[in-house]
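Subject: Structure handover

Hello,

Please find the structure below, followed by notes on what was found in it.

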Amino acid sequence: MPGAWTDQRVERAIGRLLRVGVVSAAALVAAGGVLYLARHGGELADYRVFRGERADLRSVRGVLSGARELAGRDVIQLGLLVLLATPVARVAFSVVAFAFERDRLYVAVTLVVLAILLWSMAGGTF
Amino acid sequence: MTIAELSAIVGIGSIAAGFLGALTGLGGGVVVVPLLTLLLGVDIHYAAGAALISVIATSSGAASAYVRDGYSNLRVGMLLEIATTLGAVAGATLAVYFAASIISVVFGVVLLASAALSFRRHEDPSELGPPDPLAARLRLDGVYPTPAGPRAYRSHRVPTASSLMFVAGLLSGLLGIGSGAVKVLALDGAMRLPFKVSTTTSNFMIGVTAAASAGVYLHRGYIDPGLAMPVMLGVLVGSIAGAGVLARVQSRVLRLVFAAVIVALGAEMIANGLRGEL
């Protein structure tokens with residue numbers, strides 16, 4: 001049989017991990033949404049002109065400190081970061097899966113993809 | 001309009017978008033962006049940021065089901081992911097420099113092309129041809145389950161597929177969509193993988209590509225939590241409902257109606273972009 005199968009058990013574990021990631025991200029986003037709407041729901045919405053988000057909503061550290069104070073927008077953003085981490089985790093686990101199979105070529109390929117992902121998370125600047 | 005009202009409207013609209021996206025197989029992003037920009041006047045950069053988030057949610061949420069079925073080819077996905085993630089970072093970077101009107105026109109054209117592509121006929125290769133030397137060396141051939149038992153398939157034209165995948169990543173980063181239509185074109189059209197293998201491998205790739213774009217978007221301040229919240233939750237609920245219904249209805253009429261909706265949205269995006277330009 002051609003070797004195009006990774007260990008199905010590892011894949012299944014990854015699938016479960018992804019689902020847990022999505023569910024916890026959705027829970028955080030929903031909780032943050034309730035906090036946000038309770039505090040700001042009555043204010044006027046304005047998304048017509050692009051301004052960009054506050055600096056502290058753009059970095060992991062800023063989001064974490066805001067979320068500790070239960071600021072709605074930061075809790076939502078934390079949920080979005082958890083969601084963003086799910087595909088990254090999937091790629092990282094694939095490195096392990098290929099390593100189990102002693103497939104050096106695809107360990108290298110997957111590490112390249114992981115590096116590009118981490119680079120983009122750091123802002124993707126050249 | 002207050003934030004609470006906008007959130008409610010965006011939430012309901014996103015449920016519809018996720019439902020439609022799951023039924024057409026085009027994903028939620030292609031419907032969310034026109035909804036936000038055309039109906040609610042949201043700047044396309046914010047709309048793309050929110051849509052990207054929903055793309056990751058649906059891709060990761062659906063992954064466990066696909067993995068269980070054993071169709072996706074992880075080696076093909078990972079190898080081509082080098083091209084899509086590079087394209088995604090490039091596209092997300094370009095989005096900064098492009099005016100909303102230009103992005104709107106490109107979006108419209110991609111919608112029209114996606115609608116056309118969704119009507120391609122899919123015929124799985126009936127017999128195993130000679131191996132493609134490069135694909136064989138990269139161990140991209142595989143086996144997939146059929147009602148008659150496991151069946152082997154071969155992969156072809158790796159460079160063509162990689163180029164198409166770079167374009168798919170570029171569009172994903174620029175427009176905030178999963179560009180599943182282009183990905184399936186690369187896997188099914190260029191590599192000649194069986195259709196089920198193409199769609200499931202594409203779904204895996206969509207989440208990783210969108211994450212690469214979203215990283216750049218987050219740093220540039222394109223991801224607004226107030227807008228992403230109703231979009232992510234709505235699309236997630238809608239796509240789960242859509243996937244449940246999809247197993248029961250497979251009507252050609254339904255696909256035609258949805259294609260018409262997509263074409264109308266695409267034309268409107270183009271017109272909108274051109275008006276903004278004048």
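How does the radius of gyration of chain B agree with that of a compact globule with 278 residues? The model is predicted, so the values here are computed from predicted coordinates. A compact globule with 278 residues would have a radius of gyration near 19 Å, and chain B has 18 Å, which agrees. The C-alpha trace of chain B spans about 60 × 40 × 30 Å along its principal axes. Of the 278 residues in chain B, 59% are buried. If one takes the contacts in chain B between residues at least 6 apart in sequence, 80% of them join residues at least 24 apart.

On secondary structure, chain B contains 11 helices and two strands. Along the sequence the pattern reads α-α-α-α-α-α-β-β-α-α-α-α-α.

Helix H5 (residues 100-117) of chain B packs with helix H7 (residues 158-175) of chain B at an angle of about 130°, and their axes are 10 Å apart. The crossing of H5(B) past H7(B) is left-handed. On the H5(B) side the contact has B:Ile103, B:Val106, B:Phe107 and B:Val110, which meet B:Leu171, B:Leu174 and B:Leu175 in H7(B). By class, the residues of this contact are seven nonpolar, no polar and no charged.

Next, the contact between the chains. Chain A puts 58 residues into the contact and chain B puts in 60 residues. On the side of chain A that touches chain B, the elements that give two or more residues are helix H1 (8-40), helix H3 (72-100) and H4 of chain A. H1(A) gives the most to that side, with 18 residues. The side of chain A that touches chain B divides into 31 nonpolar, 18 polar and nine charged residues.

A helix pair across the two chains can be described in the same terms. The axes of helix H4 (residues 104-121) of chain A and helix H9 (residues 195-220) of chain B come within 7 Å and cross at roughly 25°. That angle makes H4(A) roughly parallel to H9(B). From H4(A), the residues A:Ile116, A:Leu117, A:Ser120 and A:Met121 meet B:Ala211, B:Ala212, B:Gly215 and B:Val216 in H9(B). The residues of this contact comprise six nonpolar, two polar and no charged.

Regards

Terms used:
Residues are numbered from 1 along each chain as its sequence is written. Chains are lettered from A and ligands numbered from 1 in the order in which they are written. This is a predicted model: local features need pLDDT of at least 70, side-chain atom pairs count only at pLDDT 80 or more; totals for chains, interfaces and linings use all residues. Axes are lines fitted to C-alpha atoms, for helices over the stretch in contact, and angles run from 0 to 180 degrees between N-to-C directions. Helices (H or I, at least four residues) and strands (E, at least two) are DSSP runs, numbered from the N terminus. Angles under 35 degrees count as roughly parallel, over 145 as roughly antiparallel, 65 to 115 as roughly perpendicular and the rest as oblique. Two residues are in contact if their C-beta atoms, placed from the backbone, lie within 7 Å. Ala, Val, Leu, Ile, Met, Phe, Trp, Tyr, Cys and Pro count as nonpolar, Asp, Glu, Lys and Arg as charged, and the others, Gly among them, as polar. The radius of gyration is taken over C-alpha atoms; the globule rule is 2.2 Å times the number of residues to the power 0.38. A residue is buried if 20 or more other C-beta atoms lie within 10 Å of its own, exposed if 12 or fewer, and partly exposed in between; C-beta atoms are placed from the backbone. A crossing is left-handed if the near helix is turned anticlockwise from the far one by less than a right angle, and right-handed if clockwise.
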